[in-house]
Amino acid sequence: PTIPAAQPTCSLPQVGPQPSRPLWQAATVKPTTVMAPGPQQSYTASTGPQVWPLSALPLLIAAAVTIGTAAGHMAWRAVAYCRLANRPSWVDMEVTGGHAFLAVAGTQDAVKDGKDDAKARLVGAGFSMDQVEGMVQRRPTVLELDIDRAVQNLVKIGFRKMDVLRIAPQYPQLLEEGRVAPDRLSGLMAPGFTQPEVIDMVCRFPPMLSYDAERKVELLVQAGFTRDQVLKMIKGFPPLMGYDVEKRIGLLTKVGFSQQQVIKMVLKNPQLLGRDVEKNIGLLVDVGFMREQVVKMVGAFPSILGLNAEANISSLVDAGFTREQVLRMVIKSPEMLCRDVEKKMGMLVDAGFSREQVIKMVCAQPQLLGRDAEKNIQKLVQAGFTRQQVIKMVSDWPTLLGLDAEKNIRQLIRVGDLLGGPQLSRERVMLLI
């Protein structure tokens with residue numbers, strides 16, 4: 001074979017027609033100097049055919065590979081999307097390596113559409129979109145449920161649909177099949193509850209479904225309560241099932257309460273077992289009470305541990321009492337801290353007392369704020385006193401509003417008869433009063 005002659009290489013332009021050359025071979029050009037406007041300014045331009053230099057070959061190859069790969073990726077995404085139309089949870093096991101990654105990436109839009117459809121079904125069942133988003137955040141598997149069937153099953157058991165729609169956003173597990181199965185309901189009924197009572201308690205405290213009801217009842221019985229007392233407390237306050245009873249009662253006895261005091265307080269207010277007793281006692285001491293006074297007040301009115309004492313005391317001071325008066329009144333009647341004092345004082349003013357008289361009466365008899373003043377005044381009027389007489393008597397002796405005037409008048413008449421003295425007429429008794 002003949003060997004082609006080597007191409008000449010020089011920096012001067014060749015004369016005559018140019019021989020053909022490969023694309024990557026550099027062509028020779030003739031530099032031309034052009035003068036630009038202005039003194040001592042010029043630039044050099046090249047004339048002649050322009051071709052790609054040999055150094056550009058890797059770039060051309062890389063561009064071709066990139067374009068081909070992109071086309072392949074688009075094809076894989078299209079195939080994956082089409083397959084997902086029939087199988088939303090599909091991940092093609094036949095595809096391996098990089099292709100598997102491309103297939104899964106291509107399914108994201110379809111998966112999103114599947115989630116949107118599931119959310120739409122939840123909205124169609126009666127939940128708001130905000131509730132659905134919250135349910136998905138708490139329990140993502142809720143999107144996989146047959147929501148209509150789940151709601152119907154709960155309604156068949158005895159739940160009202162409105163209760164299901166109210167509970168599920170906070171406790172999505174309620175919708176899961178088997179969560180409220182007959183055997184689980186039977187377990188909750190074992191201590192002595194009826195099925196309607198269990199459903200009512202679950203509506204108020206859904207986590208109750210995960211507790212062993214019989215064991216919780218036995219623990220409270222061992223703590224000193226009777227079984228009937230325990231059942232009554234749980235029906236009234238279902239979250240009691242979630243408390244560590246033994247530990248909580250131990251904390252109360254450590255504070256200074258006797259076993260009998262603890263039982264009495266918990267019967268009055270089962271929520272007491274869920275409070276941080278030591279912390280709340282410390283807050284009351286900081287307000288101005290002595291620790292012994294706090295223990296006594298809690299024994300008489302356990303709910304005081306759940307109140308914002310400082311805020312309530314400030315409201316009483318704003319009503320016209322001094323801080324010292326408030327502390328003394330609360331020691332006598334801790335219930336004052338949960339009264340709407342301004343409203344109660346306004347009712348007494350409307351009944352005919354001056355504000356000064358009201359403050360004086362409440363300081364002497366704090367329990368007065370817990371009574372229906374107008375109703376008791378009317379009873380005294382019906383007994384035969386004038387309204388003015390009642391106002392004067394009550395302002396001098398506030399305890400009168402808590403007495404049964406008619407019954408006491410009859411007893412006074414009967415006492416006169418028993419003593420054998422002069423008979424006391426009703427008018428004479430009322431005059432003496």
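Buried means under 20% relative accessible area, exposed means over 50%, and partly exposed is what sits in between, with a 1.4 Å probe and protein chains only. The model here is predicted, so to speak a computed one: local features need pLDDT of at least 70, side-chain atom pairs count only at pLDDT 80 or more, and totals for chains, interfaces and linings use all residues. Residues are numbered from 1 along each chain as its sequence is written, and side-chain values use heavy atoms, with hydrogens and water left out.

**Exercise 1.** Work out how the rings of Phe205 and Tyr211 are arranged, and whether each residue is buried or partly exposed.

*Solution.*
- Start with the rule: rings of Phe, Tyr and Trp (its six-membered ring) pair if their centres lie within 6.5 Å; planes under 30 degrees apart are stacked, over 60 edge-to-face, and the rest tilted.
- The structure holds two aromatic pairs.
- In the pair Phe205 and Tyr211, the centres are 6.2 Å apart and the planes sit at 5°, so call it stacked.
- Phe205 is at 14% relative accessibility, so it counts as buried.
- Tyr211 has a relative accessible area of 28%, so it is partly exposed.

**Exercise 2.** Classify the pair Phe237 and Tyr243.

*Solution.*
- The ring centres are 6.1 Å apart and the planes are at 45°, so this pair is tilted.
- Phe237 and Tyr243 are both buried.

**Exercise 3.** Find the residues with the most contacts inside the largest nonpolar core, then list what Phe225 touches.

*Solution.*
- A nonpolar core is a set of buried Ala, Val, Leu, Ile, Met, Phe, Trp, Tyr and Cys residues joined through side-chain atoms within 4.5 Å.
- The largest one has 103 residues, and Leu175, Phe225, Ile234, Phe289, Phe321 and Phe353 have the most contacts inside it.
- Helix H8 (residues 195–204) gives the largest share of this core, five residues; helices (H or I, at least four residues) are DSSP runs, numbered from the N terminus.
- Contact means heavy atoms within 4.5 Å. Leaving out residues up to four places away in sequence, Phe225 touches Leu220, Val230, Met233, Ile249, Ile263, Val266 and Leu267.

**Exercise 4.** Describe the surroundings of Ser395.

*Solution.*
- Ser395 lies in helix H20 (residues 387–396).
- At 12% relative accessibility, Ser395 counts as buried.
- The side chain of Ser395 reaches the backbone oxygen of Lys392 at 2.7 Å.
- Not counting residues up to four places away in sequence, Ser395 touches Phe353, Gln357 and Met361.

Terms used:
Helix = DSSP H or I, 4+ residues; strand = E, 2+ residues; numbered from the N terminus. Polar contact = N/O pair within 3.5 Å; in protein donor to acceptor, adjacent residues only side chain to side chain.
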